[in-house]
Every structure is written in C-alpha cells, then in structure tokens.
Amino acid sequence: MKGRGGRTVEVCPPRTFTFSKLGDGLEQTVLVMERIDCSGYETCDLIVRVHTDATISDSAASISIEVVPDGFTMDDPAQSFFADELDTPVTFTGASPPTAGNVQVRTYTSGLGAMLAVRVKGEQSNPAGAALTARISIELALREC
C-alpha cells in the first residue's frame with residue numbers, strides 16, 4: 001500500500017527574469033534548477049507565484065516555466081540530458097500579463113523519471129527589445145499519491 005508522503009522543493013525564491021533585450025523572434029532559456037530527485041514520487045505540482053506585475057509589452061511575447069526530465073548520470077557528469085517539457089508549461093503572455101498575487105499550478109503525473117529540471121524561457125516577438133519581465137518564485141510539490 002502506498003503512503004501519502006511528499007515533499008516541497010523551493011526551486012527559486014522571488015527572482016526577476018528579464019528577456020527584454022532579445023532580438024525579434026528570438027528566445028532564451030535559463031536553467032533554474034537541475035538534478036531534482038523525484039524518484040519514488042508519482043505526481044509533481046509546479047507552483048509559480050507572481051510577486052510584481054509582469055511587464056510583457058507585446059501580445060505575442062511570452063515567458064514560460066517548464067519542468068523537464070533530467071537524465072543526469074555520473075558516467076558523463078559534464079553532459080546535460082534534458083528531454084522535452086512535461087505536458088503544458090506555465091506561460092505568461094502579453095495578451096494577458098499576470099499581476100502580483102497570481103498563482104499558477106500545473107500537475108504532472110507521467111514522464112517524471114528519476115530527476116527533474118526547471119527552466120524559464122523568454123520568447124520575444126516583434127518588435128525586438130520590447131519589455132519582457134516577470135518577478136516570480138517557483139516550487140515543486142512532489143507527492144506519492
């Protein structure tokens with residue numbers, strides 16, 4: 001019989017992510033945390049809190065928070081082995097930029113593997129250099145179910 005154990009991982013305390021200097025149509029990915037042990041857990045909740053109103057001046061620009069499987073191995077520790085993001089990331093767009101106090105949660109129940117990583121990706125649109133900033137914090141809640 002499975003237990004109801006779990007743990008919460010603080011991935012990132014409140015931090016400002018700025019992607020305003022990206023060129024037209026470019027993206028940048030920031031690896032926030034890797035090698036998060038999730039072995040023994042069946043469910044992962046990504047919790048993203050907005051601490052200051054986000055500034056996303058173009059409706060097609062976006063900031064996404066992604067959870068990805070991490071295949072790190074001591075056999076080749078200098079190499080990164082990240083897979084595609086799990087299901088749907090938390091995404092903020094200029095069409096509806098989040099305000100302070102906004103909390104977004106995504107639950108992932110498949111593809112967790114033994115370790116996870118969390119990335120924040122900014123995607124700029126036209127015009128290049130438009131404001132693209134969000135102050136957020138990120139947590140993962142791991143549960144056995």
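Visitor: What is the relative accessible area of R35?

Guide: R35 has 40%, so it counts as partly exposed. Buried means under 20% relative accessible area, exposed over 50%, and partly exposed in between, using a 1.4 Å probe and protein chains only.

Visitor: What kind of model is this?

Guide: A predicted one, where local features need pLDDT of at least 70 and side-chain atom pairs count only at pLDDT 80 or more, while totals for chains, interfaces and linings use all residues. Residues are numbered from 1 along each chain as its sequence is written, and side-chain values use heavy atoms, with hydrogens and water left out.

Visitor: Back to R35. Where is it found?

Guide: In strand β2, residues 27–37. Strands (E, at least two residues) and helices (H or I, at least four) are DSSP runs numbered from the N terminus.

Visitor: What about the phi of R35?

Guide: It is near 55°, a positive value in a residue other than glycine. Most residues other than glycine have a negative phi.

Visitor: And what is phi for D87?

Guide: Near 40°, also positive, and D87 is not a glycine either. D87 sits in the loop between β4 (62–69) and β5 (90–93).

Visitor: Is D87 buried or exposed?

Guide: Exposed, at 61% relative accessibility.

Visitor: How far is the sulfur of C44 from the closest cysteine sulfur?

Guide: 7.0 Å, to the one in C38, which is too far for a bond. C44 is buried, with a relative accessible area of 0%.

Visitor: Is C12 buried or exposed?

Guide: Buried, at 3% relative accessibility.

Definitions and conventions. Disulfide = S-S within 2.5 Å.
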